[in-house]
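Subject: Structure handed over for your review

Dear colleague,

Please find below the structure that I am passing on to you.

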Amino acid sequence: MQVAAAVLADYEELRVERLELDAPGPGEVLVRLRAAGVCHSDYHVFSGDLPLPTPMVLGHEGAGVVEAVGAGVRAVAPGDAVVLSWLPACGRCPRCLAGRPELCRVPALAAEHGTLPDGRLPFRRPGNGEPVYQFSLTGTFAERTVVPEAGVVRLPPGTDLEAAALLGCSVLTGTGAAWRTAALRPAESVAVFGAGGVGLNVLQGARLVAAFPRIAVDVHADRLAAAQAFGATHVVDASSASAVDAVLDLTDGEGVDAAFEVVGRPETMAQAFNVTRPGGRTVVVGVAPPNAEVALNAFAFPSQERTLIGCWYGQSSPARDIPPLLRLHQAGLLQLHGLISRRYSLDQLPQAFEAMLSGAVNRALLSFE
Ligand SMILES: [Zn+2]
Ligand SMILES: [Zn+2]
């Protein structure tokens with residue numbers, strides 16, 4: 001079948017193309033997308049900061065309806081509403097069995113090669129049959145895509161698919177960073193550097209466990225306003241003040257129990273580390289370019305027992321963690337609609353990137369209606 005897709009033809013060169021899409025193979029699912037979130041990681045591939053093979057269908061956050069399933073698929077059936085996950089862990093390797101599915105090598109290797117786990121490429125250009133790679137085993141910037149069974153989570157009938165689309169990346173990552181990686185406890189103080197789509201979810205995760213105070217740091221006034229709507233009790237405009245001094249001032253010079261870096265820059269990682277109190281922890285969620293290095297005061301590790309923790313995908317397991325998040329949303333405790341600022345069509349992806357970079361949107365959404 002032929003589908004329209006936003007294809008990264010070469011770095012910084014996007015085109016909407018009609019592609020040939022294979023039927024789902026064994027263990028695979030064909031999903032018709034209803035909505036897809038635009039994430040910084042898509043932009044990193046677009047810009048070449050995250051070098052992956054091209055041509056590639058971008059997009060790794062989305063929700064839609066299952067149209068067909070391959071042999072052996074049991075978790076979902078045609079007609080089911082699903083949210084997609086870009087980390088379909090194998091469930092059998094030592095990392096999965098150790099309870100760390102986010103570190104599973106199977107999707108990591110496939111993502112590096114832009115393929116499905118078995119090396120297959122479901123998209124290709126019609127005519128010459130040139131294969132088109134798929135970003136992070138998803139490729140949600142397309143009308144339809146083929147993904148592994150473990151890359152979809154079934155949603156209850158009637159779920160709002162635009163809101164649910166965000167669960168697969170930004171919400172899972174942000175709340176997981178707060179609840180699992182940092183294991184926040186009530187009344188712990190928190191600073192979040194970067195109030196974009198993921199940072200806002202760190203903030204609402206912190207709010208839900210009654211961490212306090214919850215300080216948001218960003219350079220965009222729009223994002224700081226959004227941060228307050230998502231649970232920040234204090235905001236620091238880092239464009240005009242020293243973020244480190246401001247956070248220390250807000251915590252009586254003591255620093256915070258947990259700092260989160262959700263920007264992906266070595267400078268902000270150092271700032272986050274420098275606002276933690278003795279015994280505090282810094283969680284790095286932001287994805288820096290592969291060769292970036294960060295300079296930190298080495299003495300602070302032993303003498304003040306400060307720790308630096310990496311966080312990939314919120315240490316989450318989609319099948320385990322998405323249903324409870326959805327229940328919190330349905331109970332009015334977890335905001336999803338407020339994350340969606342603007343809707344774009346497939347051919348407006350460049351404008352969606354622009355809005356994301358300027359801080360004008362919490363999350364830009366590609367809508368396929
Ligand atoms: Zn993402
Ligand atoms: Zn595994």
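The notes below go from the overall fold to the domains and then to one residue.

Please bear in mind that this is a predicted model. The protein has twelve helices and 18 strands. Its C-alpha atoms fill a box of roughly 65 × 40 × 35 Å along the principal axes. The radius of gyration is 20 Å, which agrees with the value near 21 Å that a compact globule of 369 residues would have. Of the 369 residues, 51% count as buried. Among contacts with a separation of 6 or more, 69% join residues 24 or more positions apart.

The protein is divided into two parts: domain 1 covers 2–160 + 336–367, and domain 2 covers 171–312. Taken over C-alpha atoms, the centres of domain 1 and domain 2 are 29 Å apart. Between them, 14 residues of domain 1 are in contact with twelve residues of domain 2. On the domain 1 side, helix H1 (residues 40–47) gives the largest share, with three residues. That side of domain 1 consists of five nonpolar, six polar and three charged residues.

Finally, I would draw your attention to Glu28, which is found in strand S3 (residues 28–38). Glu28 counts as buried because it has 26 C-beta neighbours inside 10 Å, where 20 or more are required. Beyond its neighbours within four places in sequence, Glu28 is in contact with Gly70, Leu116, Val146, Val147, Pro148 and Glu149. Of these, Leu116 lies 88 residues from Glu28 along the chain, and their C-alpha atoms are separated by 9.3 Å.

With kind regards

Definitions and conventions: Residues numbered from 1 in each chain as written. Chains lettered and ligands numbered in written order. Predicted model: local features only at pLDDT ≥ 70, side-chain atom pairs only at ≥ 80, totals over all residues. Helix = DSSP H or I, 4+ residues; strand = E, 2+ residues; numbered from the N terminus. Buried ≥ 20, exposed ≤ 12 C-beta atoms within 10 Å, placed from the backbone. Contact = placed C-beta atoms within 7 Å. Rg over C-alpha atoms; globule rule 2.2 N^0.38 Å. Domains from an automatic or database assignment. Nonpolar A, V, L, I, M, F, W, Y, C, P; charged D, E, K, R; others polar.
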